[in-house]
Amino acid sequence: MSAPQERRPLHFIAIGGAGMSGLALVCHRLGHRVSGSDRSESAYVERLRAAGIEPAIGHDADAVPPDAEVVVSTAVPDDNVELVRARERGQTVTHRGDLLARVCAGKRLIAVAGAHGKTTTAGMIAHALTTAGADPAYLLGGELPGAGPGGAPANADWGSSDWIVAEADESDGSFLKLGPEVAVVTNVELDHHSHWGGEGELVSAFARFAGPAAALVRPAGTRLAALDGAGRILGFAVAPPAGSGPGPAAALLATDVTPAAGGCRFRVVSEEIGEREVRLSVPGRHNVADATAAIGALACALDLDERLPRLDDLIAALETFPGMARRLERKGTRSGAVVYDDYAHHPTEVAASLAALRELPHRRLIAVFQPHLYSRTKALASRFGRALSAADEIGVLDVYPARELPVGPLEGVSGLDVAAATADAAPGRRVDWLVDIDRAERVLGDRLGEGDLLVTIGAGDVFRLGDRLVEEER
């Protein structure tokens, strides 16, 4: 990164987001004077304070240091009072993606992109490297439990090695600003409808990101890693269950997937690395797929840098991967029921999460879903209904709007659209229109019992329902 020599002040608007807070932490450790603001308190804001950064809660034009470079994300609107003040003064305004590219340019980059699974895959790579003693830098889109000081969760660190692991965001196209040596694409599927004009445009962007692996990029295509420096390409896939037909062609294949003690075990097979046994402490075939992509990326990096730990040690380290926060995170119990939380906010992710929970012992699987963004809800309501029908009972909350307003073509869109689609897809099953967290707590609190699994699902604040239910048990 060129900026550390200048030690320029940086002011982050919306500093409490997963990506922005990680960048703020790293820049602080690189010697910058960091300030910022966010509209509300969060766990990320708490981590920033623990590191010596004091974010302001609420946006105030007077909070912007006049000598600072101002950092924004796509979620910050043009009429934000701090952004308006910075532009009036003629201050440099930098997009989060540009700053990420500058930070990553100071090390050798493993970048992980994809519609689903990129946070977990990047977390697995960072965990394996750290546990095996490589001490990488990393910037993740979620918190890795136990990775921070004193065993606290962490989403970023600036390790001493030459390598950095970063999540590459396709939602606004900013992943194209990165220059990775190892580029990982977990999958390609249209998710961010407000940015991309269609699937063709999205696939083309992923192809540019993947470099020499462009020929492998296609909708719902095989997982891949491209080693730009040497041009080596590995395709990754998970073999289907026995009796499900022929498996996909792939250079690195996960096979013999078996649930085991709350996690799973499987074998990875390829000409490059031979056959290796892998154990994970997290359940689900989607986690097997993420681990397979992580192993391929680590193999690619090891080809470039023989000083990295042995591949056997990196694979062994995956067994202690605890999962990412809000990715099938076990929150606790309520009246004998086990409560989980998951960040899934696309039908493919919802289906994968429910399939993983189905592998665990249970009497009933109860899913409480909060749609995220009006645009996504409008485009995918029927698919959400089909995905949620995998649960035994379903509750739906209203839309978490994030940066959107229900106006214009989004007027009239609500979570009720998803509830109706779920009822159509799951005839005879209980589907509750719960509207908000308060009502959901009242309805569900007395219904949970021994053997139930309840999972809150969504990228908004639905996790607070699980927090409340578990707190009540305590």
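Trainee: What makes Glu69 and Arg8 a salt bridge?

Mentor: A salt bridge needs a side-chain nitrogen of Lys or Arg within 4 Å of a carboxyl oxygen of Asp or Glu. The closest N and O atoms of Glu69 and Arg8 are 2.9 Å apart, so the pair meets the 4 Å limit. The model is predicted: local features need pLDDT of at least 70, side-chain atom pairs count only at pLDDT 80 or more, and totals for chains, interfaces and linings use all residues. Residues are numbered from 1 along each chain as its sequence is written, and side-chain values use heavy atoms, with hydrogens and water left out.

Trainee: Which parts does the pair of Glu69 and Arg8 tie together?

Mentor: Glu69 lies in strand β4 (residues 69–72). Arg8 lies in the loop between α1 (3–6) and β1 (10–13), so the parts tied together are 61 residues apart in sequence. Helices (H or I, at least four residues) and strands (E, at least two) are DSSP runs, numbered from the N terminus.

Trainee: Why does Glu69 count as buried?

Mentor: Buried means under 20% relative accessible area, exposed over 50%, and partly exposed in between (1.4 Å probe, protein chains only). Glu69 has 4% relative accessibility, so it is buried. Arg8 has 23%, so it is partly exposed.

Trainee: How do you know that Arg310 is exposed or buried?

Mentor: Its relative accessibility is 51%, so Arg310 counts as exposed. Its salt-bridge partner is Asp313, with the closest N and O atoms 3.1 Å apart. Asp313 has 34%, so it is partly exposed.

Trainee: What links Arg430 and Asp432?

Mentor: A salt bridge, with closest N and O atoms 2.9 Å apart. Arg430 has 39% relative accessibility, so it is partly exposed. Asp432 has 17%, so it is buried.

Trainee: Why is the pair of Phe369 and Phe384 called tilted?

Mentor: Rings of Phe, Tyr and Trp (its six-membered ring) pair if their centres lie within 6.5 Å; planes under 30 degrees apart count as stacked, over 60 as edge-to-face and the rest as tilted. The structure holds one aromatic pair. The ring centres of Phe369 and Phe384 are 4.8 Å apart and the planes are at 40 degrees, so the pair is tilted. Phe369 lies in strand β18 (residues 364–369) and Phe384 in helix α11 (residues 374–388), so the parts tied together are 15 residues apart in sequence. Phe369 and Phe384 are buried.
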